[in-house]
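Colleague: I'd like to go through this one with you and ask what stands behind each label. Could you put it up?

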Amino acid sequence: MIALLLVLCGVLGGAAGSTEAETAEWCGAWRVAGEANNLGAWSTVPEECAEFVRGYMMGRGYVVDLEMVASEAGEFARSVEICGDGKDAWVFDIDETLLSNLPYYAAHGFGLEVFDHEKFNDWVEKGVAPAIEPSLKLYEDVLNLGFKVILLTGRSERHRSATIENLINAGFKDWDQLILRNSDDQGKRATLYKSEKRSEMEKDGYRILGNSGDQWSDLLGFSVAVRSFKLPNPMYYIP
Ligand SMILES: [Mg+2]
């Protein structure tokens, strides 16, 4: 019993005092728990996992995970019967879904630093975020299959021009709608804001068959898609 308690205390106490291998194991478990939405809201990457997250984001792990999500999403998209009335929709989030902010996060500790809205907004205005390549391929595939693509982002309306320029320069085109937060949406939780926007799409007659996002708040709530695809992101959590 005492041994069990000690083990539990060790687990609950994180990786403090652990060997390098144990820390890596613990951080791997933390990452999976985050992706599975078992952690609840978290604000920053645990300090002991800073190197682990950096290694994952900069190494093959992140790319392979992105490729698998895009591949599964593509398989589903091909399996769906398109009605051909222009109302079959695929919703994409933008940040860490279509566009990668890795250059920004690399300069800000890969999620170790508390999120700084002002600095991030400055980065967004530069409009230089590269495409997430597996997502770009999925994007082109669903367009070719006849889906309407709707972009639904937590970015605010004032970033519309920079966002359009960035998307086009990164290779994205022919979207049906680009929805950003307007003044009425400010302060709303992402889950509610995105659910309301999907509900409006449904009222406009769209059938939301697929939804791709790196946050659970892109995918959960109401008016959810027939299939939702969660891209990896161990750097931040948006409720
Ligand atoms: Mg995102």
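Modeller: Before anything else, one term: two strands pair if DSSP finds at least two bridges between them. And keep in mind that this is a predicted model.

Colleague: Fine. What makes strand 1 and strand 4 a pair, then?

Modeller: Strand 1 and strand 4 share 5 bridges, in the parallel sense, and the requirement is at least two, so they count as paired. As a place to look, Val-91 stands opposite Asn-211 in strand 4.

Colleague: Which other strand does strand 4 join, and over how many bridges?

Modeller: Strand 5, over 4 bridges, and the two run parallel. Gly-213 faces Lys-230 of strand 5 there. On the other flank of our tour, strand 2 and strand 3 are also parallel, with 4 bridges, and Ile-150 stands opposite Gln-177 in strand 3.

Colleague: What is the order of the strands in the sheet?

Modeller: It goes 3-2-1-4-5, an open sheet of 5 strands with parallel pairing. Strand 3 (177-181) and strand 5 (227-230) each have a single partner strand, so they are the edges, and one side of each has no neighbour in the sheet. From one strand to the next the twist averages 20°.

Colleague: On to the helices. How do you know that helix 7 has the span it should?

Modeller: Helix 7 covers residues 133-145, which is 13 residues; at 1.5 Å a residue that should span 18 Å, and the end C-alpha atoms are 18 Å apart, so the two agree. Just after helix 7, Gly-146 has a positive phi of about 105°.

Colleague: What makes you say that helix 7 has its buried residues on the same side?

Modeller: The buried ones are Pro-134, Ser-135, Leu-138, Tyr-139 and Val-142. They cover an arc of only 140° around the axis, which puts them on the same side of helix 7. Among the elements covering the buried residues of helix 7 are helix 4 (60-79), strand 1 (88-92) and strand 4 (207-213).

Colleague: And helix 2, which residues are buried there?

Modeller: Trp-26, Cys-27, Trp-30, Arg-31 and Gly-34. Viewed down the axis of helix 2, the buried residues fall within an arc of 140°, so they line one face. The face turned away from the buried side carries exposed residues, namely Ala-21, Glu-22, Ala-29 and Val-32. The cover over the buried residues of helix 2 includes helix 3 (50-58). After helix 2 comes Asn-37, with a positive phi near 65°.

Colleague: Last one, the protein chain as a whole. How do you know that its radius of gyration agrees with a compact globule?

Modeller: For 239 residues, a compact globule would have a radius of gyration near 18 Å; the protein chain has 19 Å, which agrees. Along the principal axes, the C-alpha trace spans about 65 × 40 × 35 Å. Of the residues in the protein chain, 34% count as buried. The secondary structure comes to 9 helices and 5 strands.

Technical notes. Residues numbered from 1 in each chain as written. Predicted model: local features only at pLDDT ≥ 70, side-chain atom pairs only at ≥ 80, totals over all residues. Expected span 1.5 Å × (residues − 1). Buried ≥ 20, exposed ≤ 12 C-beta atoms within 10 Å, placed from the backbone. Arc of directions from axis to C-beta. Contact = placed C-beta atoms within 7 Å. Rg over C-alpha atoms; globule rule 2.2 N^0.38 Å. Axes fitted to C-alpha atoms, helices over the stretch in contact; angles between N-to-C directions.
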